[in-house]
There are 4 protein chains.
Amino acid sequence: MDLFSKVLENPKAYQFEVETLGSCLIDSPVRIQEFLTEGSRCVLTLDVDQLSQTHEKFGVMPSFEFAGPHRKIFHDPAWSRAAIVTCGGLCPGLNHVIKGVVEILTFDYGIKTIYGIRYGYRGFIPRLGQPPLLLDPEVVDTIHEKGGTILGSSRGAQDTGEIVDTLIRMNINLLFCIGGDGTLRGASEISDECRKRRLGVSVIGIPKTIDNDLNFVGRTFGFETAIAETTPVIQSAHTEAKGVSNGIGLVKLMGRDSGFIATYASLAHPVVNFCLIPELDFTLTGESGLLSALQRRFKSGKDHCVIVVAEGAGQKLIQDEPERRDASGNILKKDIGEFLRREIQTFFDGLGVETSVKYFDPSYSIRSVPARGTDAIRCYLLARHAVHAAMAGRTNCVVGSPHNNNHSYCLIPIPLATRERQKVDLRSDLWKAVVDATCQLHYFSNGAEKNRMG
Amino acid sequence: MDLFSKVLENPKAYQFEVETLGSCLIDSPVRIQEFLTEGSRCVLTLDVDQLSQTHEKFGVMPSFEFAGPHRKIFHDPAWSRAAIVTCGGLCPGLNHVIKGVVEILTFDYGIKTIYGIRYGYRGFIPRLGQPPLLLDPEVVDTIHEKGGTILGSSRGAQDTGEIVDTLIRMNINLLFCIGGDGTLRGASEISDECRKRRLGVSVIGIPKTIDNDLNFVGRTFGFETAIAETTPVIQSAHTEAKGVSNGIGLVKLMGRDSGFIATYASLAHPVVNFCLIPELDFTLTGESGLLSALQRRFKSGKDHCVIVVAEGAGQKLIQDEPERRDASGNILKKDIGEFLRREIQTFFDGLGVETSVKYFDPSYSIRSVPARGTDAIRCYLLARHAVHAAMAGRTNCVVGSPHNNNHSYCLIPIPLATRERQKVDLRSDLWKAVVDATCQLHYFSNGAEKNRMG
Amino acid sequence: MDLFSKVLENPKAYQFEVETLGSCLIDSPVRIQEFLTEGSRCVLTLDVDQLSQTHEKFGVMPSFEFAGPHRKIFHDPAWSRAAIVTCGGLCPGLNHVIKGVVEILTFDYGIKTIYGIRYGYRGFIPRLGQPPLLLDPEVVDTIHEKGGTILGSSRGAQDTGEIVDTLIRMNINLLFCIGGDGTLRGASEISDECRKRRLGVSVIGIPKTIDNDLNFVGRTFGFETAIAETTPVIQSAHTEAKGVSNGIGLVKLMGRDSGFIATYASLAHPVVNFCLIPELDFTLTGESGLLSALQRRFKSGKDHCVIVVAEGAGQKLIQDEPERRDASGNILKKDIGEFLRREIQTFFDGLGVETSVKYFDPSYSIRSVPARGTDAIRCYLLARHAVHAAMAGRTNCVVGSPHNNNHSYCLIPIPLATRERQKVDLRSDLWKAVVDATCQLHYFSNGAEKNRMG
Amino acid sequence: MDLFSKVLENPKAYQFEVETLGSCLIDSPVRIQEFLTEGSRCVLTLDVDQLSQTHEKFGVMPSFEFAGPHRKIFHDPAWSRAAIVTCGGLCPGLNHVIKGVVEILTFDYGIKTIYGIRYGYRGFIPRLGQPPLLLDPEVVDTIHEKGGTILGSSRGAQDTGEIVDTLIRMNINLLFCIGGDGTLRGASEISDECRKRRLGVSVIGIPKTIDNDLNFVGRTFGFETAIAETTPVIQSAHTEAKGVSNGIGLVKLMGRDSGFIATYASLAHPVVNFCLIPELDFTLTGESGLLSALQRRFKSGKDHCVIVVAEGAGQKLIQDEPERRDASGNILKKDIGEFLRREIQTFFDGLGVETSVKYFDPSYSIRSVPARGTDAIRCYLLARHAVHAAMAGRTNCVVGSPHNNNHSYCLIPIPLATRERQKVDLRSDLWKAVVDATCQLHYFSNGAEKNRMG
């Protein structure tokens with residue numbers, strides 16, 4: 001059962017309220033006609049029955065605080081100093097988010113000191129990192145046109161105490177952490193540590209997960225661009241597959257635990273014939289295995305095949321494998337893409353069926369471009385709302401749009417958003433659409449499931 | 001006040017229920033684990049307070065019927081014949097929608113006779129149009145890779161009676177109308193006429209409006225792609241503007257009554273300095289006019305400028321103009337883009353300030369590409385839901401996602417969706433973001449409004 | 001008869017030798033294994049018979065000096081100061097050329113003072129222009145990724161004497177002029193004036209003409225990119241044309257006197273049905289006019305049409321037209337694209353044939369992108385050779401590759417290169433290929449010319 | 001010494017004359033003003049001195065027959081039947097070439113029977129292949145918009161006798177072989193076998209080698225597009241490299257024996273820091289090895305690095321390696337890209353220097369797109385000239401443009417073109433440009449070679 005359903009079953013067991021540092025007493029300098037109505041909240045579910053039932057049963061309608069500019073704020077802009085840090089792998093739009101945060105801090109709130117922490121959380125640890133960049137609108141003017149992050153990034157956690165020491169030393173009261181669930185958990189710990197030390201620091205997360213695996217934040221920035229970026233590679237896989245007799249184009253996409261990218265990419269490109277994701281249980285061999293399914297497809301007269309596989313799919317298959325080492329004794333990485341490439345080729349070679357598996361691993365290419373079009377707007381709006389939330393003294397929360405809508409950005413407590421990973425629901429209409437578009441069930445089931453082929 | 005607010009004030013004055021042709025008695029042939037829960041509905045507003053207050057005041061929670069596959073359907077697939085028609089201007093994704101409708105009709109419901117009506121509603125009028133195409137999955141296999149519509153399109157209404165005559169003659173009981181508000185009103189009239197004649201025809205609209213001006217249907221297909229397509233042209237406008245001293249890049253975008261494309265394009269590309277939309281009242285001359293604003297910008301040391309203008313912006317300015325005719329006596333079209341180009345150039349020439357206005361009119365280029373990435377998925381999901389709705393005997397409704405979410409597609413009565421145009425709300429955070437990103441208020445107001453520049 | 005043929009008829013009447021400032025006595029600091037062999041020259045024609053006959057008849061083989069690094073140079077790097085100026089309209093690759101010149105001057109020759117003249121030749125006139133930029137490898141590091149020119153450009157000549165005064169005042173002995181034939185003629189005059197004043201200034205032209213109308217310099221930078229950039233617009237024109245009944249997509253491309261871009265774009269995109277260039281004589285009305293040709297095409301069952309027209313085509317047609325003025329008395333520009341759009345629409349409206357002409361004017365978009373791929377290499381190689389030529393004391397010459405080959409860059413005296421415009425030869429196999437690919441002769445000639453349709 | 005130089009030293013030892021099947025007695029049906037002048041030839045070298053010296057020494061000017069339409073032809077169109085075959089790996093433009101051949105055969109010569117042989121030469125062997133496609137202008141109308149080959153391809157030779165048997169059985173007298181040097185050698189053998197059997201079959205090669213390794217044919221189709229396609233991947237490598245501290249982007253490009261693609265891609269993208277090609281001798285370890293060079297770069301303060309490596313580079317390094325096997329005993333492929341990735345990562349890990357090597361292997365993506373812009377024109381012109389040559393009874397030759405010029409297409413005897421591979425000349429100005437643009441010599445030589453850095 002996914003987190004959404006669990007919450008609906010017992011909303012009282014979950015924390016929907018965002019932490020605040022204190023009362024908002026300062027007039028906001030933002031020039032705007034309409035500030036956020038204080039206390040306005042966004043429903044968790046759109047379903048009328050679910051809303052009514054939950055309300056009846058628990059006397060409460062599970063909901064999130066809307067994000068937006070507050071008429072009164074907590075931090076005094078004149079005394080505020082901000083820091084921005086980017087962590088984890090690259091993602092389209094990182095620079096656009098950085099630009100947005102810097103611009104809103106500067107233009108809307110008049111904050112003059114903004115640090116860009118270098119190479120992730122390690123930039124907070126003096127002995128490890130490089131000194132921060134000083135950011136202003138001039139520095140970030142055109143960075144949105146480039147992929148990557150001007151701050152650099154790194155993986156892995158750092159000592160929370162040391163990070164907070166640095167925040168104190170640098171006199172930072174506004175911290176923006178751009179990253180995925182590890183990063184956000186780190187941000188939450190920083191927020192906790194600040195509270196313990198009675199520091200008035202707002203720690204706001206901006207969700208960056210190209211896997212789309214965070215709960216309640218809607219579509220995160222970069223995801224839409226990443227899907228669009230799969231177009232040329234899937235087209236190439238299709239062309240290569242059709243270029244030889246029984247050709248197979250095999251494309252590995254991102255998705256360690258959640259197969260959203262593979263799912264959406266398959267749906268966006270109806271040339272995909274098999275979509276394999278972590279949520280889907282499949283075997284390689286046997287009557288209902290992938291190899292037999294491929295064989296059936298070729299026998300049915302289709303002389304090419306395009307397979308999309310998420311990096312986290314079929315891990316069971318690889319674990320069963322004996323460990324592989326190279327001559328130097330190094331353990332060879334267990335990679336589902338390389339594994340499938342080899343096994344499929346070997347299988348058909350063994351059958352004497354000519355085939356050629358062309359393998360594509362485009363992840364770095366997909367994630368290192370700038371955000372495009374409406375995705376770029378998402379970056380900018382997330383940044384705006386993060387700044388507004390920080391200035392209003394919110395902390396330990398992440399900005400998102402539970403219903404994926406430009407007018408429904410909310411603040412979600414980090415512990416709730418990162419409680420577990422969001423996954424593709426195999427019973428959803430979304431997955432049904434993939435099954436329809438690929439016809440894969442037909443081949444897996446030997447036609448027993450006639451899906452689309454009846 | 002926009003339609004959304006009006007509805008919230010008095011929901012009882014509006015019709016939320018979708019017409020149905022009769023009871024659903026036939027078992028659906030769709031193979032799926034989870035059918036739609038009958039009667040499940042989607043809230044109109046996400047705001048907890050609005051929901052509560054409306055509920056208290058009117059005893060009702062305004063909501064839409066969720067779209068999705070029904071366990072029982074109305075039309076017998078074995079006896080069903082479908083027709084698809086595309087009307088109005090091109091839009092990214094038309095072919096993808098057509099492909100989706102054909103595939104779901106065929107694979108999910110086993111319907112074998114599907115007509116593609118040629119060149120819009122006139123394809124229903126034998127003396128005007130060409131005979132319909134016969135569509136099947138083979139015919140539509142790769143059409144999604146091309147822009148435009150394989151059916152062709154045309155503008156303008158045709159006689160409703162004649163259209164229904166043709167439906168009868170061709171024995172069509174499922175009609176899919178892909179178009180904007182004019183097309184949908186036409187669809188509504190066809191549905192009415194069918195009811196009068198006691199014909200069991202489902203008429204389902206699939207909303208196509210690159211202007212995004214329909215209510216309650218969320219983002220329509222093609223919009224996202226159109227925004228992405230503005231990138232090269234806005235970059236070129238920026239480059240050309242910077243290429244000469246005091247250069248001006250002027251880009252006219254679509255948006256006859258609603259400036260969403262100009263708004264989003266400006267937000268996605270922070271190089272835009274002025275965004276002019278139909279909803280915004282602006283003058284050309286005078287202290288707070290556009291010309292003075294441009295002059296102020298150049299005087300402030302910025303030696304270039306990018307202006308985005310929606311085609312429907314500033315109509316008041318052109319109406320005031322004397323009618324222009326060419327030597328043959330033809331009335332010259334009043335075009336805000338050409339008008340601004342000429343007026344700006346003349347103004348600065350008159351001042352002896354060297355400038356060069358480079359004018360871009362990319363509308364045809366933007367709308368004639370195929371849908372990309374997540375936008376392509378939108379096409380496919382809209383098509384699926386349109387077919388499910390039709391098979392369940394719904395009629396006179398349009399498919400949409402009021403909250404712009406892949407799991408909240410709904411059916412909206414056409415009269416409600418087309419009651420008035422959706423517009424950009426100048427008090428919204430969205431427009432505030434544009435004002436921030438462009439800094440245009442600063443120049444319009446001679447710095448009185450210090451927006452972002454204080 | 002084109003210049004090439006004229007030269008072959010009487011080579012002695014033309015000047016092939018490049019002016020030099022004096023003997024090359026200084027050791028080149030360039031580190032390279034193979035310097036240019038002094039005196040090595042490149043043949044004018046590739047044709048064995050032409051070579052033999054010319055040699056026999058005139059005792060000379062018309063040829064150009066090869067470009068390349070010289071072992072001995074004229075200018076002392078330690079005393080040298082360079083200036084770069086970009087003139088005329090934008091063209092892909094301008095920044096890449098600037099970068100190349102700066103890098104070779106710096107890295108190969110150790111020259112430290114390099115001025116970037118602002119906004120064309122007017123940057124040399126103190127009362128008109130802005131002060132020059134100081135250029136170094138840091139400044140130009142990533143400029144090649146952007147279209148346009150970081151220096152800015154302008155059109156029109158300036159007083160040669162004043163320009164030379166500025167060269168003297170700024171102590172510049174190396175001048176790189178990037179522009180088309182007007183710019184190069186200006187460069188030639190500067191060179192002449194320097195010689196008159198006995199100044200040792202090398203004036204080297206780098207040919208920038210997106211129209212490809214300079215003689216003997218081969219394909220100029222930007223042309224290849226421009227052709228590639230026509231792809232989306234011609235595809236859109238095709239899609240729009242097919243989107244309505246008898247639709248016409250009309251694309252105006254650059255080419256004031258020489259139709260190379262229209263020719264190449266038509267050849268690269270076999271969806272083009274008519275290619276109209278300045279070199280081609282065509283009429284609008286009458287049996288063999290364009291309107292009848294279009295009519296024939298529609299009658300033959302083809303229900304759409306794509307027309308590519310160079311901006312300089314059919315000028316005769318517009319000159320015959322009465323002058324058009326707008327209501328304010330301004331003369332309306334005679335624009336062949338707008339003219340054709342109106343005349344074609346009017347013609348078919350008059351016939352009662354439904355059509356819709358969609359007009360595309362993409363010139364600014366095509367020319368404002370950065371150079372791509374092999375075209376980017378051309379920029380860099382042209383820049384290298386320009387610097388080598390300048391250091392070796394060559395002047396009043398332009399760099400080019402008469403045979404369009406990366407190993408045959410030559411120096412061509414500017415007076416020869418700009419003597420007349422290069423044009424598309426209607427008797428060439430290139431134009432025959434266009435006629436074949438478009439089939440336009442078939443429609444123009446009412447099938448009398450059966451080209452490709454017999 | 002390269003083949004070009006060898007030929008100049010002793011032209012008489014090489015065969016420049018193209019084989020012909022017999023006298024051309026039939027009037028060409030091509031409608032054109034200017035046919036090729038019979039006997040006109042194109043010089044081998046552009047250098048005046050080389051031409052004179054060779055002429056003096058050998059009494060001959062080494063030259064190739066110009067390609068073009070002949071006034072008299074050998075094959076009677078009414079009796080002619082053609083076949084087209086595509087072999088080897090994919091390459092941009094294959095479909096465009098096929099389209100061109102079909103169109104010229106049909107429209108210019110009125111030939112009605114054109115076979116598309118499936119999946120390379122094996123399509124000629126009945127027991128192995130699928131039956132041929134019948135091609136006509138309708139079938140090939142839009143294929144140029146897709147990458148790959150509609151015919152399919154395969155690698156490897158087939159029995160020449162069996163192929164000729166099939167030609168006889170199918171009554172084919174015009175054979176077009178599109179492929180690289182292996183394919184062309186196969187074509188040459190087919191031509192020889194036909195001659196032996198006294199069959200009047202014209203066998204014409206159209207050179208397809210994305211590696212650009214054929215002699216005298218100039219730039220082959222697809223190369224230009226391939227270079228342009230490296231842009232996004234090299235940009236991504238650069239972005240990824242800059243995204244982490246001491247990041248390294250490693251891109252493997254095609255080029256088994258000749259490093260042209262790596263060379264051109266490095267030159268087109270000045271972000272490349274090291275370009276490694278088969279022609280370049282380099283070591284991994286030691287003072288002047290790649291690892292030390294990288295270390296020097298990082299120590300010099302540059303905290304990222306982009307490396308482009310041709311697949312055939314550094315083979316010596318891999319051969320020295322002990323054979324590697326996986327757990328199943330399979331020999332692991334020796335892949336210079338994977339090898340460098342591992343070695344570099346291991347090296348810096350060993351030093352305790354944090355780095356992250358991001359590896360890109362985009363070959364399939366680069367070669368599976370359609371040809372673009374001027375490259376598309378090359379496809380069409382090659383196809384035209386191949387057809388003209390075939391109709392004029394030429395055989396055992398390949399079409400090319402020795403000087404890479406649209407007006408100098410020639411016919412080159414296959415044995416000469418495939419005699420040895422064309423390679424990058426490390427003493428050329430082209431390679432010098434790469435060394436300059438990358439500064440790699442500076443790091444390899446520990447600054448002893450100061451190239452560009454002095």
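Across which strands of chain A does α6(A) lie? In this predicted model, where local features need pLDDT of at least 70, side-chain atom pairs count only at pLDDT 80 or more, and totals for chains, interfaces and linings use all residues, the helix α6(A) lies across β11, β13 and β14 of chain A. Residues are numbered from 1 along each chain as its sequence is written, while chains are lettered from A and ligands numbered from 1 in the order in which they are written. Relative to β11(A), α6(A) runs at about 160 degrees. Axes here are lines fitted to C-alpha atoms, for helices over the stretch in contact, and angles run from 0 to 180 degrees between N-to-C directions. The elements are DSSP runs numbered from the N terminus, with helices (H or I) of at least four residues and strands (E) of at least two.

The strands under discussion belong to a sheet. In chain A, 4 strands form an open sheet with parallel pairing, in the order β12-β13-β11-β14; two strands pair if DSSP finds at least two bridges between them. Its edge strands are β12 (274–276) and β14 (356–360) of chain A, each of which pairs on one side only. On average, and with direction ignored, neighbouring strands of this sheet are turned by 15 degrees against each other. Within the sheet, strand β11 (residues 247–253) and strand β13 (residues 304–310) of chain A run parallel and are joined by 7 bridges. A:K252 stands opposite A:V309 of β13(A).

Chain B also has an open sheet of 4 strands, with the order β12-β13-β11-β14 and parallel pairing. There the edges are formed by β12 (274–276) and β14 (356–360) of chain B, which each pair on one side only. The twist from one strand to the next averages 15 degrees. Between β12(B) and strand β13 (residues 304–310) of chain B, which run parallel, there are 3 bridges. B:L276 has B:V309 in β13(B) as its bridge partner.

Helix packing may be followed in chain D. Two packed helices are described by the angle between their axes and the distance between the axes. Helix α6 (residues 223–243) and helix α7 (residues 260–268) of chain D have axes that come within 9 Å and cross at roughly 60 degrees. α6(D) and α7(D) are therefore oblique to each other, given that angles under 35 degrees count as roughly parallel, over 145 as roughly antiparallel, 65 to 115 as roughly perpendicular and the rest as oblique. Their crossing is right-handed; a crossing is left-handed if the near helix is turned anticlockwise from the far one by less than a right angle, and right-handed if clockwise. D:A226, D:I227, D:T230 and D:I234 of α6(D) meet D:I261, D:Y264, D:A265 and D:A268 of α7(D), where contact requires that the C-beta atoms of two residues, placed from the backbone, lie within 7 Å. By class, this contact of α6(D) with α7(D) has 7 nonpolar, 1 polar and no charged residues. In this classification, Ala, Val, Leu, Ile, Met, Phe, Trp, Tyr, Cys and Pro count as nonpolar, Asp, Glu, Lys and Arg as charged, and the others, Gly among them, as polar.

A further pair in chain D consists of helix α4 (residues 160–170) and helix α5 (residues 181–196), packed at an angle of about 65 degrees with axes 9 Å apart. α4(D) passes α5(D) in a right-handed crossing. From α4(D), the contact is made by D:T160, D:G161, D:I163 and D:V164, and from α5(D) by D:E189, D:I190, D:E193 and D:C194. The contact of α4(D) with α5(D) comprises 4 nonpolar, 2 polar and 2 charged residues.

The chains themselves can now be considered together. The contact between chains A and B takes 54 residues from chain A and 54 residues from chain B. On the side of chain A that touches chain B, two or more residues come from each of several elements, including α2 (48–58), α3 (94–108) and α6 (223–243) of chain A. α12(A) gives the most to this side, with 7 residues. The residues of the side of chain A that touches chain B divide into 21 nonpolar, 18 polar and 15 charged.

Two copies of a chain are related by a rotation about an axis and a shift along it.

Chain A and chain C do not touch, and their nearest C-alpha atoms are 10 Å apart. Likewise, no contact joins chain B and chain D, whose closest C-alpha atoms lie 10 Å apart.
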